[in-house]
Amino acid sequence: MKATLLVLLLSAVAVMLSCDHQHSEREAGPGCPLGKRLAFDVNTTIEESKRLNNEYFDCPNPEPGAPCFYYSHVFYPFFVIEDTVVGESDRFHDSYTFKVVGGGRTRESVRNYSQEEILKFNSLRDSESYQQTLVWTFDDVPDSFPLTKEGFIVMRGASNRVRWLCQRNSPCGDLTPVNHLDPDFYFVVEVSNMETAGSPFCEYTVRFELHVHGFPLDPVRALFFHQMTMTVVQTILICYIGHTCWRLKRKTVYTKTRDGLDEQEGHEQFNAGDVGVNVGCTLRSCCLHLYHIIFGIVQNPVLDHVILLVVLLDTSTLMAHTFQSVTVTTSWCLSAVNSCLLVFYVLEALLKILIQGRTYFRNPWNDLDFFILLMTLLDFVLSLVQSGGGFSSRQASTLFRVFKTLKGARVFRALRLLKAIRFFKGLQDILLTCLQSFRSMSSILVLMFLFLFIFAVVFREMFNESDPEHFGSIFRTVFTLFQILTLDDWSLIYMTSRDNGAPHIIYFMSLYILVELFTLLNLFIAVLVDNFQLSIRRKRHHKSQKSPDVKEGEAQSTKKAGEDLDVSLAEIEEEFYKEALRHASSDGKHSKRKIELTKRYLQLLAAMDQHAQKYRSQACLLDKLVETFFMDQDEETRSDAVE
């Protein structure tokens, strides 16, 4: 009777102790001691994951019985051998296989996979990837590791760093959020030592559930968002170009009608000609009109305002990524927005290169924008190539190392904030003045570092014993002198040396502060301020010395460009008229007198159109000169008011 009560008491204690571990399906094979079983240690896994990842993010909607882990964090599973009779547990150190045998988007939809699916998702026997399954891989990929006959990876001891992959062919690949939160997935994991040689006399198997949240946006779906946004923006541009061409056509017809053109006669002349000839003659004119429309789009201030709005949105998403609470819950949506915003940067660069050609790269601000765009596209393409797979073992090994090396290219996304500088003239002037000032300040910087090194040697030799924490080595001394240069806790450094028998350090510190801070650093700032004043005076002098000759030269260049455009249009119309006359004379339906009169009429009509074009270009030039004159007057008035 006492023995029975003792066994029942020990069993109850064992059940209470096992409550700390995850409830799971446990099996013990033949040869195992009675009452022992393998269990997933949830508390130790969470604690170690939090310690090794330096943080732990619980699910936004946690569920009991399914421990939650973040997708981007490395998963460190720990297992114990429970003794349900004695109530003790020991760490499990033998070899085992880690397999995903089930899963689902929700806990209600979790299902067990078939044997073929388990082999497909976990085995490396038929995998073309480099040492990684479709669902998970090692965090630090070792050079080699043992495999079972079926191709399952054998893990042991400290080799338990699991990183989730979830490629496109896996059940957890390309997930979409159900609501505004990031996607999540429930895994059913099986851990067993049946297929390993670590414990041949005792076979353990355990199954448990994992709730993984925070899945990122799949690169292929990001490309889909990119293509859809590109299609929408291109459709808007095509509609705008078509609308502009329609307006120009209506304006041309209205002008010809107002100038006395017989619309019926023009219609008969058009019917007399050939449609193919008409298309061939107007092809150059259409291309020229299309070029001017795109040129107007690039020069339109609305484009700059749109790009500025895109930069501000991109900056907001980039700042949102710095908050952990936002990144954990909405990283998928933020990545989708970034993929859509990338379209505007690409189209802006393409349109400007199409219009400006090589001159686009002569502007340093355009060079900066193009460099930032290349770094962003590099990050985007690397993600696509990495998710594509389909490489051999050697190629995948090389690409894996390249991706790991070039992963730092993502930090260049922060440079997209500099795109906002080119929209503000004041910021451009400040940045250019600072860059130009470094030429004159280089000698001062060299002198400052020279005195810094001299004082570092002196302080290191004289006060390394009184204050080894600050002056124990030359690097600590240099760091301490930088701290003194900012007047940060210099009094504490003095009191430390004074208490250790070196009160004369105050004289050296005073001399160092006098030379470095009050002399050289102030001289550095004075040169910078002087360069700012020189830049302001140069700009003011340039405005005051802007003579009428310069304006006349600008007017002549604009007039010449307008005349070239008029000549081009006149040549196109003359070619069309000649071709129409040639077809009319070849038909033999009209007399020579009528053909000569028609030819004379068309020549006069072409001359009248040419003069009308000259008149419009001169009127536009006059308006521009008047506008420039009043703008200069307003700027001079503002500068006088500021002074």
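1. Basis of the note. The model is predicted: local features need pLDDT of at least 70, side-chain atom pairs count only at pLDDT 80 or more, and totals for chains, interfaces and linings use all residues. Residues are numbered from 1 along each chain as its sequence is written, and side-chain values use heavy atoms, with hydrogens and water left out.

2. Overall composition. The protein has 17 helices and 12 strands; helices (H or I, at least four residues) and strands (E, at least two) are DSSP runs, numbered from the N terminus. Of the 643 residues, 36% are buried. Among contacts (heavy atoms within 4.5 Å) with a separation of 6 or more, 72% join residues 24 or more positions apart.

3. Two positive phi values. Leu487 is located in the loop between α13 (474–485) and α14 (490–499), and its phi is near 60 degrees, a positive value in a residue other than glycine. Cys166, in the loop between β10 (162–164) and β11 (184–192), has a phi near 55 degrees, again positive in a residue other than glycine. Cys166 counts as buried, at 7% relative accessibility.

4. Helices α7 and α8. Two packed helices are described by the angle between their axes and the distance between the axes. The axes of α7 (residues 301–320) and α8 (residues 324–356) come within 9 Å and cross at roughly 155 degrees. This makes α7 roughly antiparallel to α8, and the crossing is left-handed. Residues making the contact include Val306, Ile307, Val310 and Val311 of α7 and Leu334, Val337, Leu341 and Phe344 of α8. By class, the contact of α7 with α8 holds 12 nonpolar, three polar and two charged residues.

5. Terms for the helix pairs. Axes are lines fitted to C-alpha atoms, for helices over the stretch in contact, and angles run from 0 to 180 degrees between N-to-C directions. Angles under 35 degrees count as roughly parallel, over 145 as roughly antiparallel, 65 to 115 as roughly perpendicular, and the rest as oblique. A crossing is left-handed if the near helix is turned anticlockwise from the far one by less than a right angle, and right-handed if clockwise. Ala, Val, Leu, Ile, Met, Phe, Trp, Tyr, Cys and Pro count as nonpolar, Asp, Glu, Lys and Arg as charged, and the others, Gly among them, as polar.

6. Helices α11 and α13. The axes of α11 (residues 425–463) and α13 come within 9 Å and cross at roughly 120 degrees. α11 is therefore oblique to α13, and α11 passes α13 in a right-handed crossing. Among the residues in contact are Phe449, Leu452, Phe455 and Arg460 of α11, with Ile474, Val478, Leu481 and Phe482 of α13. The contact of α11 with α13 has 10 nonpolar, one polar and one charged residues.

7. His211. This residue lies in strand β12 (residues 204–213) and is buried, with a relative accessible area of 1%. Its side chain makes a polar contact with the side chain of Asp184 at 3.0 Å; a polar contact is a pair of N or O atoms within 3.5 Å, where within protein one must be able to donate a hydrogen and the other to accept it, and residues adjacent in sequence count only if both atoms are side-chain atoms. Leaving aside neighbours within four places in sequence, the contacts of His211 include Cys59, Cys68, Phe69 and Tyr186.

8. His226. Helix α4 (residues 219–258) contains His226, a buried residue with a relative accessible area of 12%. Beyond four places in sequence, His226 is in contact with Ser339, Leu342, Val343 and Phe380. His226 and Phe344 are 118 residues apart in sequence and 10.0 Å apart in space, C-alpha to C-alpha.

9. Asn366. Asn366 belongs to helix α9 (residues 364–388) and is buried, with a relative accessible area of 6%. The side chain of Asn366 reaches the backbone oxygen of Tyr360 at 3.1 Å. Not counting residues up to four places away in sequence, Asn366 touches Lys352, Gln356 and Tyr360.

Definitions and conventions: Buried means under 20% relative accessible area, exposed over 50%, partly exposed in between (1.4 Å probe, protein chains only).
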